[in-house]
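Hello,

Here is the structure we spoke about, with my notes below it. Please read them with the model open.

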Amino acid sequence: MYSETDSLRDDVHIRDSISSNISAPLFGETNPQTRYLQWALAIFTIVLAGTTLIVACTVGTEHNIGLHVFMSLTLIGLTITTFILALWYEEGDLHPKFLYILYSQTLLIVMFSILLFIYFGMAKKQ
């Protein structure tokens, strides 16, 4: 029969196992292939966003300078917040679920950059 002392022993055992794992890292060690993939994706995204910002400042600015500035600031803000989240993730301050948010924000940056390239290409023709 399961008594109250058995329950207390189980609680103490659970508490001891949890407290012994507090010093363990929050995430497991990432393998080098995953780390290289993350760095390659980060470099690609930064180069694409940087190129988009250069194009935003040079192509078609004589007509819609306000819209170009607004879109550029939006891209800069999205890129900076993604970079900060990536740093926090690498330091171990974020739960592993945030990796999916980082990937989705990176995808949004790439899609937004492509959209801006299309828009600036159309603005150049006008």
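Predicted model: local features only at pLDDT ≥ 70, side-chain atom pairs only at ≥ 80, totals over all residues.

In total, 19 residues line the largest pocket, and Gln38, Ala42, Thr82, Phe83 and Ala86 are the closest to its centre.

Next, the overall fold. The chain has four helices and zero strands. Read from the N terminus, the order of elements is α-α-α-α. The chain has 126 residues, and 22% of them are buried. Take the contacts with a separation of 6 or more: 71% of them join residues 24 or more positions apart.

Mean pLDDT for the chain is 79. A value of 70 or more is reached by 74% of the residues. Which helix has the lowest confidence, and which the highest? Helix α1 (residues 4-20) is lowest, with a mean of 55. Helix α3 is highest, at 89. Please also look at residues 19-25. There pLDDT stays under 50. The model shows zero contacts beyond four places in sequence for this stretch.

Start with glutamine 38, one of the residues closest to the centre of the largest pocket. Glutamine 38 sits in helix α2. Is this residue buried or exposed? Glutamine 38 counts as buried because its relative accessibility is 16%, and the cut-off for buried is under 20%. Its side chain makes a polar contact of 3.5 Å with the side chain of tyrosine 103. Setting aside neighbours within four places in sequence, glutamine 38 is in contact with Glu90, Leu99 and Tyr103.

Now find valine 110. In sequence, phenylalanine 44 and valine 110 are 66 residues apart. In space, their C-alpha atoms are 9.1 Å apart.

Last, threonine 79. This residue belongs to helix α3, the element with the highest confidence in the chain. What lies 2.7 Å from a polar atom of the threonine 79 side chain? The backbone oxygen of leucine 75 does. Beyond its neighbours within four places in sequence, threonine 79 is in contact with Ala49 and Ile109.

Then turn to residues 19-25, where pLDDT stays under 50.

Best wishes

Definitions and conventions:
Residues numbered from 1 in each chain as written. Heavy atoms only, no water. 1 Å grid on protein atoms, 1.4 Å probe; cavity = no way out; pocket = protein on both sides within 12 Å on 5 of 7 lines; lining within 4 Å. Helix = DSSP H or I, 4+ residues; strand = E, 2+ residues; numbered from the N terminus. Polar contact = N/O pair within 3.5 Å; in protein donor to acceptor, adjacent residues only side chain to side chain. Contact = heavy atoms within 4.5 Å. pLDDT = per-residue confidence, 0-100. Buried < 20%, exposed > 50% of the residue type's maximum accessible area, 1.4 Å probe, protein only.
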